[in-house]
Structures are given as structure tokens and as C-alpha cells.
Amino acid sequence: MKKKSIDSSILNIINRKRHSAILFASDFADMGEQKTINKVFERITLSGKIIRLARGIYCKPKIDTEFGFGIVYPHMDDVAQAIAKRDKCRIVPTGDVALNKLGLSTQVPMNAVYFTDGTSRRIKIYNGRGILFKHVVPKRLKFKSELVMLITFALQRLGQGNVSEEQLNRIKQLLSNEPKELITDDLKLVPGWIRSIILNAL
């Protein structure tokens, strides 16, 4: 495939993507040598059609015209989930990411940490932010309830005795719609003090 043809073929695919779509240069390997594909992505980035998030990872930018904020970068969680999907591995938010996702904290961390059954690695993304994938034994992710797992990892970040009344009420609200049998099955996987919080919430 000629240079101009590769450029236009990749650009046509990008144009059909929704705004905020995350793209990997490696996904276009069937169009030519990876070195050539990387150069194409560099040229398209310079044209402003896409933005570079990290090495080999790009995004079709969403532009905020209503309030004039300009480029709206994708949420770090969206980037992490896209990487996990590409690599066919499981990831689970932990620490500050889990707290934010559950509404137990409004703080958006500069560095997002995820447990994974895949490879451990750190990825530097836009604006000094980073994503850390930490490999754990599959047993640690063997929860039946995604919610109970998130609550467990979020509370471990806070630590015993550091959970506010407001956070306890939020946990109660979150658990109110979760099937009780899933919660009961997972209680054996959580530390004693977190088990007590969950049981009290029920």
C-alpha cells in the first residue's frame, strides 16, 4: 500500500470513529510496517485530527465549543479499559480510582492504579498523568460482585477507622440494589473490618 493510500485509509477509519474514541497504532498493523503506521499517526496528529495520549495510543478529540474549554481529554479510566480490552486482560480500579468511581471521594488522582491478571507496567499519559497496572494473583479478583470488590479496594485505601459517616451512608446506598447472594458469597474474600462495614450497611 502506497504512503498516500495508507494515510487516507487510516484517516477514513478515524473519521468514522466517534469523538473521544481511543485508537492504537498497533491495531492498523495489517496496513503496513509498524514503523510506517507510526509515521502516519504522527502526521495525522500534527494535522490536529487526533491527539497523542501515550506511546502508540491516540484519541479522536472531543472539542468543547459550548463553554470554550477546547480539547476534552478522555477519562483515565476509559484509557485504562481500552488498554485492557486490547490486551485481553482484566483490570479492577483500586485506591483513589475506586474511591472516585464509587462516589466516596471527589478527588481525581493524577496516577490511576489498577489490579490486573495481566502484566505489571506503568504508562505515562497526557498532562503528567499515569496509569499503573499491578499484577495480582487471580484469586484476589475472584469476586462475584464487582461492587463489593470495588468497595473492598476503596476501603483498603482509606484504612480502618478512617471511613466517614458520609462514606458509610454512600456504601449503604450502593449496596441497597446489589443481589444479597452475591454479597454473601464475597464476604469471605474481604478483611474482617470491611466485612463488618458491609454487614452493617445491609
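These are my notebook entries on a predicted model of one protein chain.

**Ground rules**
I number residues from 1 along each chain as its sequence is written, and my side-chain values use heavy atoms, with hydrogens and water left out. Because the model is predicted, I take local features at pLDDT of at least 70 and side-chain atom pairs at pLDDT 80 or more, while totals for chains, interfaces and linings use all residues.

**Entry 1: the whole chain**
I began with the overall layout. I found eight helices and nine strands, taken as DSSP runs numbered from the N terminus (helices are H or I, at least four residues; strands are E, at least two). The C-alpha trace spans about 65 × 40 × 30 Å along its principal axes. Of the 202 residues, 43% are buried (under 20% relative accessible area with a 1.4 Å probe, protein chains only; exposed is over 50%, partly exposed in between). I also looked up the contacts (heavy atoms within 4.5 Å): among those with a separation of 6 or more, 56% join residues 24 or more positions apart.

**Entry 2: α4 and α5**
Next I checked helix α4 (residues 95-102) against helix α5 (residues 146-158): their axes come within 8 Å and cross at roughly 125°. That makes α4 oblique to α5 (under 35 degrees is roughly parallel, over 145 roughly antiparallel, 65 to 115 roughly perpendicular, and the rest oblique). The contact residues include Ala-98, Leu-99 and Leu-102 of α4 and Leu-150, Phe-153 and Arg-157 of α5. By class, I noted nine nonpolar, one polar and two charged residues in this contact (Ala, Val, Leu, Ile, Met, Phe, Trp, Tyr, Cys and Pro are nonpolar; Asp, Glu, Lys and Arg are charged; the others, Gly among them, are polar).

**Entry 3: α6 and α8**
Then I turned to helix α6 (residues 165-175) and helix α8 (residues 192-201), whose axes come within 9 Å and cross at roughly 65°. Here α6 is roughly perpendicular to α8. Leu-168, Ile-171, Lys-172 and Leu-175 of α6 meet Ile-197, Ile-198 and Ala-201 of α8. I count six nonpolar residues, no polar and one charged in this contact.

**Entry 4: two positive phi values**
Last, I looked at backbone angles. Most residues other than glycine have a negative phi. Ser-20, not a glycine, has a positive phi of about 85°, and I place Ser-20 in the loop between α1 (3-16) and β1 (22-24). Asn-127 also has a positive phi, near 55°, and lies in the loop between β8 (121-124) and β9 (130-135). I found Asn-127 exposed, with a relative accessible area of 55%.

Conventions. Axes fitted to C-alpha atoms, helices over the stretch in contact; angles between N-to-C directions.
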